[in-house]
Every structure is written in structure tokens, then in C-alpha cells.
Amino acid sequence: MVQRVAIIGAGSSGLASIKCCLDEGLEPTCFERSDDIGGLWRFTEAGKISVYRSVITNTSKEMMCFSDFPFPEEFPNYMHHARLLEYFRMYAKHFGLLSYIRFQTTVLSVRKQPDFSTTGQWAVVTETNGRVESAIFDAVMVCSGHYAEPHLPLDSFPGLENRFRGQYLHSWEYKDSASFKGKRVLVLGVGNSGGDIAVEISRVAAQVFLSTRSGTWVISRISDRGFPVDLMYTTRFQNCLDRFLPSAIKSPLRLKILNKWFDHATYGLIPQTSLNASLIVNDELPSCILCGAVVVKPNVERFTESSATFEDGTVEENVDAVVFATGFIFSFPFLEESLRSLCRSKHTLYKQVFPPQLEKPTLAVLGLIELTGSIMAGTELQARWATRVFKGLNQLPPASRMMAEVAKKQQQLMKQMKLVI
């Protein structure tokens, strides 16, 4: 019977995991390498991956709160990152979670015990202020998230490393726009971070170029009659329409809705793959494009000492800085090699949580999901499910069935051109 559970990371999914362990009568110990909770949402000037200074949530408080702890009524619908961190502190205090967290503790390794096939236990080695300790746990919940390591694809941009004389950095290093005043800046990538950074830098820069390889859909936080957009459209009814309407009806309807605010083709943002391409939330990007503060460009072909040549043959001279908004790759260096291969992608995990090949289901990876709505709601459900599996209240299917489902999902994603294995 599982009793002691190691939780790695005290961000939003780590806090939810502690709470769910307590709900099921388990004994959690959370290891957090920094000196505070909040994970990515705790802003720092330097030294760790965090949000930048101006970040506002792109999901509303009504749709992102934990199920048993709503946001205070006086909090705005969309909030600054400091307000969200305040909410995490309130949540942790209300449910008494802080006493289960060991701060400034780094997990060095997580390895199977020799008798894992019968006990499902793990040896967890940690370091706190130079002191190394080892302990045995009945289960492990990995809550370090998918923002563990910046994805910096320098090899995809010839000339950047050996010729370009300007500055280049990843978005995780970006904190504010002060150092870009009067410069010509190229932002690579048009996800949520890329759009936000391009807009913010455009207020002080001489010119901002936003390079996108495949385009994206852009929506506003505000929907009809001023309500939060996710509150109006992330509903069971909309999900049923999406699942059951035939493509011949659904595709034109979706295209009409997505282009209602502005025509994405006219603005150079029309996705090149499908109507199901990802979307970003940005209230100001279309306006910045319309007034010329941000110029949309295709993918970069190569760099010279001070210029960038794009795939359409156009060239932009005197580029001072390049910001890579190219996302992150998740990594679990503390897992033994055999486990890292099992967890190499969220698409190799059963329901994006459990490695299906393990003899015992006592390792859960949380937060490696992309949702239409808030990831906080999704990770809370993951934590609730995982702890019930640990306790034996929920059973996983046989390994063969789980692996077959994983393989089927991979094939579906490959057909949708969303996954390259």
C-alpha cells in the first residue's frame, strides 16, 4: 500500500499534488529547489526560468482556479502574475501545505529500488545546502513542468552563431523591454510569449519584426459583451459541437469565428497547417501590426553580420537583437536513463501521465498537457487521478493495452501533422 509520496516541484501542479495526497490520506514530501512556492509564476530578475515582469494571465480567474478554492471576488478576471502568486500563497496557507515542502532542496536522482517489481518503491536522493540525503518513497509525482529547459534551435538559423554580431537570447532571459529601446528587434516564434514580447518591445524599439514559420490564430481576452473569452467558449456545448459536427460544417464555421476579429491572411498570420492549429491570446498584436510597430515576416533563412534573410527572399538590415520565443523542452535529469527514455515525450505516457511500461504504477508525470483552457484545472485532475491510482482506488489497464493506446494516439497526431517522432 502506497503511503509516502515524493513530489518534485512546488509550482501550481506541485501544490495541487500535495493537497490531493492529503485528501487520500497519503504522506507527501515536496522538494522545491528554490526558496518559495509558485514555480514559473514567481518572477525573478535572473537565475531561474520565470515569467517576465509584465505578464498577465491569458485565462480568466473563473476558469483557472482550483476546484475547491475560488479566487477572491475582488481579484480581476485576468491578473498580473503577482496576483496569481498571491493566490497560490492563500491556497497553500488555507490547506496547510507549506509544512510538507522542503525548500532549497534539489532532487539529484530518482531510481527504482531493487525490489521495485514487487514494492513499486523509489530511492530519492536530494541535496539541501550541500547536504546529500537519500530516502525511500512508495510513489513519485514529477511536477517540474515542461518549462525546464529553453529550446534554442541555433542550428536551424545559419549564420547566427558564427556571423551575426548582434545580441540573441531566449525568451526566458527576457524580463522587460528597457534594453531594447531604439533598436531593431527580431522575435522568432509567434506563440503566446512571442506575441507578448513583440508587442511590449514595440513600444520602445525602432522596429520589431515577428517571424513565424507556420502562423497562428490570435484571439482577444474579451469576447461578446465584454465577458472573458474562455468563460464564453470553453464549455461542454462548444466541445460537443467540435466533436460531433461534420468537418464540412465545422471548418467554415470555425474559420468564420476565428476571422471575426480580423482577417488573419491579410495580417500574414494565417496558419499554414490546419484550422486546428494552436491559437494565442493577445489583445494588442493586431493593432501593432496595423500601425506598423510590428511587421510580420516568414521564417528566417539565414543571418549575416547585421541582417536577416527570410524565406520569401526579403531582407531586413541593421538587426540589433534576436529574441527566441521558440518554447521549451522538458527534461528529467534526475530520472535514471531507462526512465528518461520512457518519459521522453508526453506522447509516450498513458493519458500523458503514467509510463505504461512500468511494473508498478507509482510514477506520475504531471503538467505535460496542452489544454484549451487553464493548465491548473487539468493538473489538479491529473493529481487527483494519480493519487487514487497510488492508493488503489483506481486501476490502470494492462500494460499492453496502455501501450497500444499510446501508439494509436501517436498515429493520430502524426496524421494531423502535429507530431514528429
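**Close-up views of a sheet and a pocket**

**View 1. The β15-β16 pair in the predicted model.** Strand β15 is joined to strand β16 (residues 308-310) by three bridges, and the two run antiparallel. Four residues lie between β15 and β16, and the two strands form a hairpin. Valine 300 has phenylalanine 310 of β16 as its bridge partner. Opposite phenylalanine 303 stands alanine 308, also in β16.

**View 2. The open sheet of three strands.** The strand order is β15-β16-β17, with antiparallel pairing. β15 (300-303) and β17 (315-316) are the edge strands, each pairing on one side only. In general, the strands of a sheet pair through backbone hydrogen bonds, in a parallel or an antiparallel way.

**View 3. The second largest pocket and the residues nearest its centre.** The volume of this pocket is about 400 Å³. Its lining consists of 24 residues. Nearest the centre are Glu359, Lys360, Pro361, Thr362 and Val389. Which elements give two or more residues to the lining? They are α4 (116-119), α11 (375-391) and α12 (399-415). Of the elements, α11 gives the most, with three residues.

**View 4. The lining of the second largest pocket by residue class.**

Note on methods: Residues are numbered from 1 along each chain as its sequence is written. This is a predicted model: local features need pLDDT of at least 70, side-chain atom pairs count only at pLDDT 80 or more; totals for chains, interfaces and linings use all residues. Side-chain values use heavy atoms; hydrogens and water are left out. Two strands pair if DSSP finds at least two bridges between them. On a 1 Å grid over the protein atoms alone, a cavity is a set of points where a 1.4 Å probe fits but cannot get out, and a pocket is an open set with protein on both sides within 12 Å along at least five of seven lines; lining residues have an atom within 4 Å of a point. Grid points are joined across faces, edges and corners, and a volume is the space filled by probe spheres set on the points. Ala, Val, Leu, Ile, Met, Phe, Trp, Tyr, Cys and Pro count as nonpolar, Asp, Glu, Lys and Arg as charged, and the others, Gly among them, as polar.
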